[in-house]
Structures are given as C-alpha cells and as structure tokens.
Amino acid sequence: MDKNFQEEQFTGTIKFTPPLYKQRYQFIKDLVGKYKPKKVADLGCADCTLLWMLKFCNCIEVLAGLDICASVMKEKMHRLSPLPGDYLQPAERSLTVTLHHGSVAHKDPCMLGFDLVTCIELIEHLEQSELKKFPEVVFGFMAPSIVVISTPNSEFNPLLPGVTLFRHPDHKFEWSRAQFQSWALETARRYDYSVEFTGVGHPVTGMEKVGFCTQIGVFVRKYPQTTESAQSEKPTEAVYKTVFKAVYPSLKDEKYLQNAVVSEVIFTAQIIKQSLLDRLMSEHEEYNDPTERKSKFQPSMNRFSEDLGKTLVEKSMEPFVNGNVVYIPLTTIFSFPKVNRLCGTFEKLRKLIAGKVTLSSDGSAVMFNTEHENEEN
C-alpha cells in the first residue's frame, strides 16, 4: 500500500475528499461488512493502517500482514498491540494479529486458510518476475474465498498535477483499465474465480470517460477449495519471517471468561443487595418514628428477615436478609442478560465462580455480610 504518493498533494485540477487512500480502506471495510470474513490477510501491508482499521471489525478473528520492507511495518506495528482496555473488558471474539516479512512471490504455509486477501496498491510495485509468480501464489496456493486488488488507473494520470510517467518512483508499471481487466480476467479464468471491476476516486465532471483514479478488481472463488488440494500445495518449510504477533484477550479464553463472569456476578449481586437494603430501610422508616430510630439498622433487618426469608427461599429467585448476611440467589443473578450471555448455562456459571465468590453452604446463593454497611451507617 502506498498512501503517501502525490495523491495527498493533488490540488487545482482535482482533489479527493476523503483522501484516496482512505476511500480504498473504506472500500475494504465495506466489503468486510458485507461478507463477514473471519480471517483476513493484507499483502503489502506497509505501515499497517488497513490492518489497524480492520482489527475493530468484530467478525475478524485472524489478521495477517505481509510486506517486503520490515522496517516500514516495525515503525507502526505497535498500533496493533492490545490496549489496557482490551484486558479490562475482553471482547467476546478471539483476535490474533501477525506480521510477516517476505515477498508475495514466495509461498508460505502461514498464509493458507484465509477468507479474504487484500492487495491494495501492491502489484504496480512488483518486478516482472514477481508479477508473473503473484497469481499462482495468491490464487493458486493461498486460494482465499475473496481477493481484492487495487492499482492505479493510468488513464486518470493526465488529470493529476505533477504526474508525468508514474505516480510514484517505485512503480514498475501503471495499467490502463483495459490492461488491468485483461490481466484480471485471464487470472480469474485460470484459477476458477469470477471478477468484478469497480474503483474509487471519481473524475471531475465532464471527464467521466477516464474512469476511477484507483481501479479495483474483486475476485470471488467459484468453487470451495478442498483440504486435500490445499495440503498438496503446502511447502515443507516456512519462508516468511514473523516480525510481530499479538493475541488479544478474549472471553473464549477460560481465564478471561472467568474473570469477566466473577466481576459481573459481584457487580450484579452488589446492585441487588443495595436495592434490597434500601427497600428494607424504607419499609422500616414507614413503621418507626425517625426520632426513635436506632443508630444501627441491623435489628430492623432481623425484624423483616425471618418471614421474608421463608417466602423468598421458597421462590428461589428473590434475595433476602438473614441476620448479618444478605443472600442473592444464583438463579436471580443468572437471569440478568449479561451474566446469562457470558455463561450460557447455569451449570457453567456455578463452575466459573466456584472458589471465587462467597456462596451459601448449598451453593445456591451469593452471600454478603452487612456488618460493613452497619458501621458506615
């Protein structure tokens, strides 16, 4: 990806709003929103901006980047690391982000099994020998369900101030729409893909005939790839060097799930407990002269707890006070949507909080001692 070329300096004849590179990234985000791929690889990931944007897409569980220039990736790869908030509130999905140093002209088994592969402003940087190998690596070996390739449309270049031959000094070629479509259609035919053409960066009014500034081909594999065919192409050795890997905290990990469930159970139980104590105090004030109120409310709790406890224990769904202890039935806590969603089953709730939360002797309720509240009151 080459977002720093002269497109950011276009003024006068044409200017893109938002900038062209952002339009390309948005195109990919929209495609992800449509197809919901779980595994996405960005070939020619450069400064990892697209990967950083895609990590916020909840459907994606695996992100991989590949670039021939390790230094460019390393400069910004820290943005792909989990933040403190990711540990405080782990996502329900799992997410692993990996960056590899290598060439798109080489096959490596780490690039197998992806649903979507993006090649944004990449192919025009390839030498002829690399471009020749590129289709076999991406479409033949990797064989993802969808491949997106964007490249400059040379027919648009006369509208760009300062562009003489190519838009960037590292470009080895820039194709017209006919050239790109010819190459793309032949590649799609050879590897059993269909391809549709579109683009981003509209021309100015009256110059529509030149097409989009960036032309895009969206390739969709016609037939599912069999496991046998994928394995038969698998090379025996890895050729890419891994320069970065981040595994995000996830509720699919039992450790993080347990922490989340325990925290949510305690939080929910505290809210229920406080609501119960407030209600009991309110009822007590209705029947007692405020001037004769005792300094501690525990006797009033005992006054209500005996009859209340019998009734509520039978229901097994309502909290109650007995002596200095508030009991919050697990069934009540499990009925709260977030707890229910996190655990899935009541049995799993019990398993996850075992030894982490103070429970009644029969394990049916969370227990809180009210002595601390008494001291504060």
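So, 13 helices and eleven strands: that's what the protein chain has, and keep in mind this is a predicted model. Of its 377 residues, 49% count as buried. Now take the contacts between residues at least 6 apart in sequence: 73% of those join residues at least 24 apart.

How far apart are its end C-alpha atoms? They're 20 Å apart, and with 15 residues, 128-142, at 1.5 Å a residue, α5 should span 21 Å, so the two agree. There is a kink, though: about 30°, at Phe134, shortly before the proline Pro135.

Phe134 and Pro135 are both buried, by the way, and so are Leu131, Val137, Val138, Phe139, Gly140, Phe141 and Met142. What covers the buried residues of α5? On the strand side you've got β1, β4, β5, β6 and β7 among the elements doing it, and the helix α6, residues 177-190, is in there too.

Let's look at that α6 pairing. The axes of α5 and α6 come within 11 Å and cross at roughly 40°. Because of that angle, α5 counts as oblique to α6. The crossing is right-handed. Who makes the contact? From α5 it's Leu131, Phe134, Pro135 and Phe139, and from α6 it's Trp183, Thr187 and Arg190.

Note on methods: Residues numbered from 1 in each chain as written. Predicted model: local features only at pLDDT ≥ 70, side-chain atom pairs only at ≥ 80, totals over all residues. Heavy atoms only, no water. Helix = DSSP H or I, 4+ residues; strand = E, 2+ residues; numbered from the N terminus. Expected span 1.5 Å × (residues − 1). Bend = angle between axes of the 7 residues up to and from the residue. Buried < 20%, exposed > 50% of the residue type's maximum accessible area, 1.4 Å probe, protein only. Contact = heavy atoms within 4.5 Å. Axes fitted to C-alpha atoms, helices over the stretch in contact; angles between N-to-C directions. Parallel < 35°, antiparallel > 145°, perpendicular 65-115°, else oblique. Left-handed = near helix turned anticlockwise from the far one by under 90°.
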